[in-house]
Amino acid sequence: MTSVKNNNMLPPGLVSNLQQVLLSRKGGGGEEEEKKEIDPSNDGNDKSAEPSTTTCVENTEEDSNNSKPIVLVTNGDGIDSPGLVSLVEALVREGLYNVHVCAPQSDKSVSSHSVTLHEAIAVTSVEINGAIAYEVSGTPVDCVSLALSGALFSWSKPLLVISGINRGSNCGHHMIYSGVVAGAREALFCGVPSLSISLNWKKEESQESDFKDAVAVCLPVINAAIRDIEKGFFPKSCSLNIEIPTSPSANKGFKLTKRSMWRSSPSWQAVSANRHPSAGHFMSNQQSLGLQLAQLSRDASAAGAARRLTTQRKNMLEIESVGAGGKSDSNRVKKYFRMEFLDKELEDTDEDLDFRAVENGFVAITPLSLSPRIEEDTHIAASDWISSALHGDQ
């Protein structure tokens, strides 16, 4: 267990590291002048040889941006969510990174690691001050996969992918459902270090300003990760899932945690068809919303099968009975159900589990690897890095 007290939000070692990074970014200038070649045939009277002040400024700004490490930001809640907006604004203010955003245009927070196949997705540019941003009519995995493909941006491998900040905890088995964790996992598939960040949002307690506090809490970890990725010190084949407690500014510090088996209980409720008169037209009317059709199962009898239509915006499930062989049955029955997750009692008392640490007010950092066989080694390497980075020992 690694526990770092965090009374002043920013540990002194991280402040020192940040100052060093800022100093290393200063300077430059004059390099372009030194690299200019002199044409012997030029008698000095050719005005076209005189440098343009505007061109020099543009080149300097371009060179400055190119020298900054590229950070890709995505999320699961959608590009307009306060968690992503607060995070991007903070990264831009740092002035240290070339920030790019590729995020879903709508809420895909429980899309897991799903991708869009056999269907075109729309990509639209979005204005975010200081960043290059696109919204995508797909899942978080679509966004990361597209961004790293080289088809959308001029680069194909950023230094770091950050997925978040998500509204709601993704501890335990929620990582499997989570779109924000899947975005970070996809980056890891492609060989890019990644972080997924979530705020333990509670309806009765949380407010929008908590996202800015959450950014202030996790920014030191982001800066340390980028610094050590450049130096080659960051754990290999590792993604860090960062869970921020409900009151970010009152957190007790960072704690290295293990993924728990905890999950919320799914609760299904029948919904009256009268409340959704257009439900039967989902397939024809909702294609632009990325409606997905999936086969659920085949009935043991020859009477028919079930097919499922989901709309992620309304979190609704439609079950429609059809005759065997896909033939329409005049006696078919439609039923509508809505599912939501309900919190349940936390029974495990292990203080090193992710959900337990968050409930106790700590910022839980859980290392995730792609293979269970190397998970222990990854956990040890991440433990060493977190301890060193947050204490400023490197």
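Select Val99 and show its neighbours: leaving out residues up to four places away in sequence, Val99 touches Val71, Val73, Val88, Leu91, Val92, Gly130, Ala131 and Ile132, where contact means heavy atoms within 4.5 Å. The model is predicted: local features need pLDDT of at least 70 and side-chain atom pairs count only at pLDDT 80 or more, while totals for chains, interfaces and linings use all residues. Residues are numbered from 1 along each chain as its sequence is written, and side-chain values use heavy atoms, without hydrogens and water.

Stay on Val99 and colour by secondary structure. Val99 lies in strand β3 (residues 98-104); strands (E, at least two residues) and helices (H or I, at least four) are DSSP runs numbered from the N terminus. Val99 counts as buried, at 1% relative accessibility; buried means under 20% relative accessible area, with a 1.4 Å probe and protein chains only.

Next, select Val73, Leu91, Val101, Ile222 and Trp385. These have the most contacts inside the largest nonpolar core, which has 48 residues. Such a core is a set of buried Ala, Val, Leu, Ile, Met, Phe, Trp, Tyr and Cys residues joined through side-chain atoms within 4.5 Å. Helix α8 (residues 210-231) gives the largest share of this core, 12 residues. A second, separate core of 14 residues includes Cys143, Ala147, Trp155 and Val192.

Finally, look at the cysteines. Cys102 is buried, with a relative accessible area of 1%.

Conventions: Buried means under 20% relative accessible area, exposed over 50%, partly exposed in between (1.4 Å probe, protein chains only).
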